[in-house]
Structures are given as structure tokens and as C-alpha cells.
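Okay, thanks for coming, everyone. I've got one model to walk through today, so let me put it up and we'll go from the overall picture down to single residues.

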Amino acid sequence: MNTLKTGMLLAVLTALFMSLGLIIGGRGGMIIALLIAVGMNVFTYWNADKIVLRMHRAREVDADSAPEFYGLVGDLAGRGDSMFSTHPDTQNRIAALEAMAAEMGVPAAAQRVSPPTSRWPVKPEAATPCATTAVPVSRRRASALDPLKRA
């Protein structure tokens with residue numbers, strides 16, 4: 001969708017530029033404006049990253065010039081398989097969730113719920129009940145992902 005929006009924006013700006021060329025220089029001015037617009041679009045397509053980096057005065061860093069940034073990126077890269085990564089390892093995710101449940105005081109029996117033996121149809125009497133234990137408000141931790149910082 002963003003590609004379509006960007007294409008539409010470039011098409012509208014090119015048409016606007018061409019109509020300005022038509023008003024100023026007639027048909028020849030319109031063709032010159034089209035060539036200039038195409039040239040600017042191609043230049044920007046190939047050099048947009050360099051333009052933005054120069055605009056923000058970005059510079060390459062190494063361990064000697066900015067050790068705090070270099071170490072921060074190294075720490076983040078070393079956490080390749082955290083629970084919040086896009087595709088964490090299932091066993092690591094389960095272990096992290098069990099550790100969080102233990103910290104919150106959830107009993108071990110409530111942590112493991114066996115799945116039903118058959119999926120379709122699930123009879124109410126045959127389904128495994130979900131073992132849930134209410135965690136007192138005083139034992140809840142605030143989530144880093146909760147924007148309202150609710151406990």
C-alpha cells in the first residue's frame with residue numbers, strides 16, 4: 001500500500017511539474033519538465049539513503065569512537081532468541097513463560113494445561129478445563145509492553 005501511495009504522489013508531482021512546464025514553455029517546456037522530473041525521481045530513488053544520512057550528519061562508528069553505542073548494538077544482537085523476537089525457539093519461549101509464572105506466584109500445576117485429545121467436535125464434558133489461578137494485584141508485575149503501565 002505504501003508503494004502505491006508513493007507512486008501516486010510521484011505521479012501527481014510529475015504531472016504538476018509538467019503542467020507548470022506547459023504553462024511556461026508550451027509543449028517543449030512540458031517535455032523538458034518531464035525529463036527533469038524523471039531525472040530527479042531516478043536520482044532520489046538511488047540516493048535517498050545517502051541524502052538522509054548526510055542530512056542527519058550520520059557517521060560510522062566503531063568500538064573505539066563510540067563504545068557505548070557499539071556495546072548497545074552488540075548486546076541487542078546477542079539476544080537473537082529472546083521471548084519477544086519474531087520467531088523465538090518454542091522451548092525457550094515456554095521456559096521464559098514458566099519462569100515468569102513462577103515469579104508471579106502461579107502454582108506449578110496451573111502452569112501446565114494438557115490440550116484436548118480431539119479437536120473436532122469438542123464435547124464440553126470431554127474438554128480439559130483450563131486451570132487458571134488468579135494472581136493477586138499485589139503480586140502482578142507491570143509489563144514493559146503496556147503503555148498505561150497497569151499492574
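Before I read off the layout, a word on how elements are assigned: helices (H or I, at least four residues) and strands (E, at least two) are DSSP runs, numbered from the N terminus. With that, the chain reads α-α-α-α along the sequence, that is, four helices and zero strands.

Housekeeping next. This is a predicted model, where local features need pLDDT of at least 70, side-chain atom pairs count only at pLDDT 80 or more, and totals for chains, interfaces and linings use all residues. Residues are numbered from 1 along each chain as its sequence is written, and side-chain values use heavy atoms, with hydrogens and water left out.

So how confident is the predictor? pLDDT is its confidence in each residue, from 0 to 100. The mean over the protein chain is 76, and 62% of residues reach 70 or more. Among the elements, α1 has the highest mean, 92, while helix α4, residues 108-111, has the lowest, 56. Where pLDDT is low, the predicted coordinates should not be read in detail.

Now, surface. Areas here are Shrake-Rupley with a 1.4 Å probe, and for residues only the protein chains shown count as cover. The chain's accessible surface comes to about 13,000 Å², and 65% of that belongs to carbon and sulfur atoms. I'll call a residue buried under 20% relative accessible area, exposed over 50%, and partly exposed in between (1.4 Å probe, protein chains only). Of the 151 residues, 9% count as buried.

One of the buried ones is T14, which sits in helix α1; it counts as buried because its relative accessibility is 15%. What does T14 touch? Taking contact as heavy atoms within 4.5 Å, and leaving aside neighbours within four places in sequence, T14 is in contact with L34, A37 and N41.

At 69% relative accessible area, I24 is exposed. I24 belongs to a nonpolar surface patch of about 730 Å², together with F17, L20, I23, I32, I36 and M40. The patch rule takes residues with over 30% relative accessible area and no salt bridge, joining like charges within 9 Å and nonpolar side chains (Val, Leu, Ile, Met, Phe, Trp, Tyr) within 5 Å.

And salt bridges? That means a side-chain nitrogen of Lys or Arg within 4 Å of a carboxyl oxygen of Asp or Glu. The count comes to one: D49 with K50, at 3.9 Å, N to O. D49 is partly exposed at 47%, and K50 is partly exposed too, at 40%.

Now some backbone. R57, in the loop between α1 and α2 (67-78), has a positive phi of about 55° although it is not a glycine. R57 is exposed, at 76% relative accessibility.

Last, helix α3, residues 90-103. The expected span of a helix is 1.5 Å times one less than its number of residues, so the 14 residues of α3 should span 20 Å, and its end C-alpha atoms are 20 Å apart, which agrees. After α3 comes G105, with a positive phi near 90°.

Conventions
pLDDT is the predictor's confidence in each residue, from 0 to 100.
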